[in-house]
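Please read them with the model on screen.

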Amino acid sequence: MCGIFGVMDKRRQVMDGSGIRQALSMMNERGSGEGAGYAAYGIYPDYQDCYALHVFFDNARESKAVVDATLEQWGTVEHDEAIPTYNQPNLRATSTPWRYFFRPDPSLAPGSASPEKDVITNLVMQINAGSNGAQVVSSGKNVGVFKAGGWPEDVANFYRIEDYEGYIWLAHNRYATKDPEKWERPDPFNLHDWSVVENGKITSYGTNRRYIESFGYTCSMSTDSEIITYLIDLLVRRHGLEINLAIRALAPPFWEDIDRMPKAERDLNRAIRLAYGSAAMNGPFTVVVANPDMMVGFTDRSKLRPMVVGECGDRLYISSEEAAIRALEPNVESITMPAAGEPVIGRVAP
Amino acid sequence: MNSNLGSMPFRYRVTIDRERCMECERCIENCSYGVFWRDGDRILINSRKCTACHRCLAYCPRDAISIEEHPCDYRNHPVWTRQIREAIYNQARTGKIILAGMGSVADLPVIFDHLMLDASQVTTPPTDPLREPVELRTYLGKKPSKLDLRRNSSGDIELATELAPNLMLETPIMLGHMSYGAISLNAQVSMARAAKETGTYMGTGEGGLHAGLYPYQDRMIVQVASGRFGVNIDYLERGAAIEIKLGQGAKPGIGGHLTGEKVSKDVSRTRMIPEGSDAISPAPHHDIYGIEDLSQLVRAIKEATEWKKPVFVKIAAVNNTAENVAAVARSSADAVVIDGFRGGTGAAPRVFRDHVGIPLEVAIASADRELCNQGLRNEVSLIACGGIRESADVAKAIVLGADAVYIGTAALVAMGCRVCGSCYQGLCPWGIATQRPDLVQRLDPDVASKQVANLIHAWTMEITELMGAAGVNSIESLRGNRDRLRGYMLDENLLDVLDVKPVGA
């Protein structure tokens with residue numbers, strides 16, 4: 001059991017993090033006080049052409065030297081600094097958060113349709129798989145992930161989350177079952193454009209991991225959200241599926257529903273299940289995914305975990321609980337609970 | 001032939017409780033091996049002929065018969081076992097290769113029994129198959145690794161990728177290849193009906209397709225083996241899929257063997273071989289001396305059947321299974337069948353049956369790993385066979401990476417087979433592994449087909465329950481999902497090969 005929350009402004013109007021903090025803390029009953037995290041898009045306008053790398057160092061001297069050397073190998077660091085933090089009585093700092101604004105060298109991924117993202121993908125996996133005391137927790141343009149072990153309020157205060165302004169926010173209130181001391185464990189998980197928060201535990205983890213690793217992704221976190229992020233990156237960025245079809249692959253309809261569809265639709269859905277059977281996720285989950293242009297929520301096909309959707313003006317909200325939405329927007333205009341397997345797709349106006 | 005060995009201690013002692021016996025002679029009628037006969041007012045017994053097939057026991061109305069194994073002991077010796085000594089006596093007398101029926105009798109640990117399945121508790125809920133869907137539908141054949149899509153004139157997204165032909169199974173359990181000749185037509189018809197009823201498929205084996213099976217041909221996988229028995233264009237066109245048999249788990253590296261006793265007139269016609277002759281298939285296919293030849297044969301068969309049918313390739317599980325499987329995956333074949341060293345057989349040299357090959361569990365795991373590593377997993381389906389004894393074995397094989405399984409011996413047992421291992425004699429009193437008309441007619445397809453279908457239904461329900469308990473509601477999420485398996489008392493190297501963690505980890 002975890003609490004997840006997402007909000008998006010369709011016209012890129014930014015929100016500071018204070019409301020998100022409050023919304024997430026409404027779901028403390030769903031957490032265990034051992035982890036929380038926030039992801040925000042649009043927070044680094046001054047460096048919007050650079051990939052912002054948020055890194056946790058076990059040791060700011062030795063671990064940082066390794067990361068510096070790796071980055072030098074893959075591109076140019078425009079600027080780097082410690083992420084400002086403010087000690088909280090209930091948080092025991094186990095990592096030093098750092099950020100780099102980085103320009104990858106696209107010539108290092110020849111033949112790729114999106115060379116910069118391939119470089120970022122490779123270097124993030126190289127750093128995270130190595131035992132070097134460094135974990136890259138976010139790596140996209142104009143996006144950052146802020147997370148730590150503790151209650152959502154303490155984590156937000158630790159980073160002064162109200163100092164950041166973004167047009168998409170994802171947040172996660174963790175109910176820890178494993179490695180509660182590790183700051184990189186709570187969601188959001190991020191890889192370049194993509195950020196993912198999940199409430200659930202997929203029973204198909206082994207199958208999905210084998211599948212995604214056969215495409216060159218390295219899973220070092222043992223979390224669902226890591227797998228989900230890579231699956232979406234593979235299906236959308238590398239295989240060119242539209243997001244709704246990618247979700248169809250990850251949470252496919254039952255065969256008996258497919259059998260009843262009109263022919264063209266049936267053929268398409270059957271082909272998706274045949275091609276992506278090993279990517280399909282099983283077990284209980286609600287997932288919210290974002291990239292700079294959209295925010296998407298979907299559940300497992302039996303909807304074993306909650307997903308509430310709110311809309312108000314240009315804002316779209318996706319949450320584990322309605323109370324969180326109302327905490328942020330008391331005058332919310334519509335609240336819906338989509339059926340199992342029915343995705344919610346919100347796009348930012350071009 | 002003369003020898004100084006005298007007679008061997010007999011294997012089984014048959015006794016009749018004379019108090020209970022009512023001399024109805026059912027034992028005499030039923031025993032095709034000639035154990036019983038009447039002399040005056042007594043039924044006499046020749047225990048030496050007994051194979052422990054239990055036919056007499058099963059049909060004795062008074063439970064008067066009992067059978068005891070090894071009534072006469074040898075001096076106990078851990079190295080010079082009874083089997084070793086008797087094999088030597090046998091070969092000293094005959095100078096021949098010893099033939100044996102059924103699967104390996106080597107007393108080696110069964111890895112399946114050391115693998116424990118998972119179940120959901122608090123972090124994930126179990127699924128209740130009585131009240132929620134749990135999907136076992138399985139497609140066998142090539143899957144696209146990615147899809148090409150296009151927008152049609154009304155703006156809808158349509159599929160542009162053309163899918164290769166796949167077999168659709170309602171359960172991941174298929175009935176394995178046992179040829180007409182090795183088994184009777186009634187046995188084949190019984191299984192074919194069961195396959196139809198349960199939404200699965202059945203293999204013909206290498207003995208051709210008898211006209212009696214034509215009504216079920218859309219459920220038949222027709223086999224092309226090295227002897228090419230019964231193969232012609234009509235045969236290929238009748239099958240739902242075609243399987244090229246390169247190897248067999250019970251006897252890797254050698255061809256099939258049907259003893260002449262079982263080549264009846266009908267078998268001879270179906271196989272297109274002379275009546276009464278031993279049918280010994282060549283060890284290799286003489287048109288396949290390399291992997292490029294296999295891919296030519298696969299494509300030739302596809303061309304002959306207009307690319308409408310999936311083509312499977314079956315190999316025995318041996319040391320370099322991973323490499324062999326990767327080779328087959330590149331040959332245009334649609335599925336690879338891996339037959340483990342416990343696979344059954346009507347007749348195989350004992351030395352092969354008990355000493356050549358590797359366990360199915362290991363072969364499947366390493367094949368799946370190699371296909372994943374080489375990005376070929378979607379190119380072929382993996383079918384496991386050879387030693388699948390119960391529904392848990394099916395589930396474990398799938399977790400180790402198989403898409404589906406074939407069962408052979410288990411289906412025969414469902415029809416009455418007692419695994420006596422005397423199939424090569426052609427005298428099967430259950431009407432299964434025989435061609436003698438009076439024995440064959442003992443097996444009523446109306447009855448036996450129901451028993452086989454019952455078995456498949458029962459296993460299918462058990463697999464559904466196991467999946468539900470694991471919180472998995474579709475079988476593709478079980479396939480290759482090593483997280484849901486733990487090894488109990490397996491050594492570290494074996495765990496590595498299986499890619500399974502030890503219990504407690």
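1. The coordinates belong to a predicted model.

2. What does Leu24(A) touch, once residues up to four places away in sequence are set aside? Its partners are Gly3(A), Phe5(A), Ala36(A), Pro152(A), Ala171(A), Asn173(A) and Ala324(A). Arg12(A), by contrast, is 12 residues from Leu24(A) in sequence, and the two C-alpha atoms are 21 Å apart in space.

3. Two backbone details in chain A deserve a look. The peptide bond between Asp187(A) and Pro188(A) is cis, with omega at about 0°. Pro188(A) belongs to the loop that runs between strand E10 (168–173) and strand E11 (189–191) of chain A. Ser222(A), which is not a glycine, has a positive phi near 55°. This serine is in the loop between H5 and helix H6 (224–238) of chain A. Ser222(A) is exposed, because 12 other C-beta atoms lie within 10 Å and exposed residues have 12 or fewer.

4. Trp307(B) is not a glycine, yet its phi is positive, about 55°. The residue is in the loop between helix H7 (291–304) and strand E17 (311–316) of chain B. Is Trp307(B) exposed or only partly exposed? With 14 other C-beta atoms within 10 Å, Trp307(B) is partly exposed.

5. As for the overall form of chain B, the chain contains 15 helices and 23 strands. Its C-alpha trace spans about 90 × 55 × 45 Å along the principal axes. A compact globule of 505 residues would have a radius of gyration near 23 Å, and the 24 Å of chain B agrees with that. Of these 505 residues, 51% count as buried. Among contacts in chain B between residues at least 6 apart in sequence, 69% join residues at least 24 apart.

6. The largest nonpolar core has 239 residues. Those with the most contacts inside it are Val336(B), Ile338(B), Ile364(B), Ile383(B), Val405(B) and Met415(B). Helix H14 of chain B (residues 445–469) supplies the largest share of this core, nine residues. Another core, of 11 residues, lies apart from it and includes Ile16(B), Cys56(B), Cys60(B) and Ala64(B).

7. Leaving aside neighbours within four places in sequence, Ile338(B) is in contact with Ile315(B), Ala317(B), Thr321(B), Leu360(B), Ala363(B), Ile364(B), Ala367(B), Leu382(B) and Ala384(B).

8. Chain B is divided into domain 1 (12–96) and domain 2 (138–502). The C-alpha centres of the two domains of chain B lie 35 Å apart. How many residues of domain 1 of chain B are in contact with domain 2 of chain B? Nine residues of domain 1 meet seven of domain 2. The domain 1 side of this contact divides into four nonpolar, four polar and one charged residue.

9. The contact between the chains takes 28 residues from chain A and 36 residues from chain B. On the chain A side, the elements that give two or more residues are helix H5 (205–213), helix H8 (255–259) and helix H9 (263–275). H9(A) gives the most, with seven residues. The chain A side divides into 12 nonpolar, 12 polar and four charged residues.

10. On confidence, the mean pLDDT of chain B is 95, and 100% of its residues reach 70 or more. For the complex, the predictor gives an ipTM of 0.93 and a pTM of 0.95.

Conventions. Residues are numbered from 1 along each chain as its sequence is written. Chains are lettered from A and ligands numbered from 1 in the order in which they are written. This is a predicted model: local features need pLDDT of at least 70, side-chain atom pairs count only at pLDDT 80 or more; totals for chains, interfaces and linings use all residues. A nonpolar core is a set of buried Ala, Val, Leu, Ile, Met, Phe, Trp, Tyr and Cys residues joined through C-beta atoms within 7 Å. A residue is buried if 20 or more other C-beta atoms lie within 10 Å of its own, exposed if 12 or fewer, and partly exposed in between; C-beta atoms are placed from the backbone. Helices (H or I, at least four residues) and strands (E, at least two) are DSSP runs, numbered from the N terminus. Two residues are in contact if their C-beta atoms, placed from the backbone, lie within 7 Å. The radius of gyration is taken over C-alpha atoms; the globule rule is 2.2 Å times the number of residues to the power 0.38. Ala, Val, Leu, Ile, Met, Phe, Trp, Tyr, Cys and Pro count as nonpolar, Asp, Glu, Lys and Arg as charged, and the others, Gly among them, as polar. Domain bounds come from an automatic or database domain assignment. pLDDT is the predictor's confidence in each residue, from 0 to 100.
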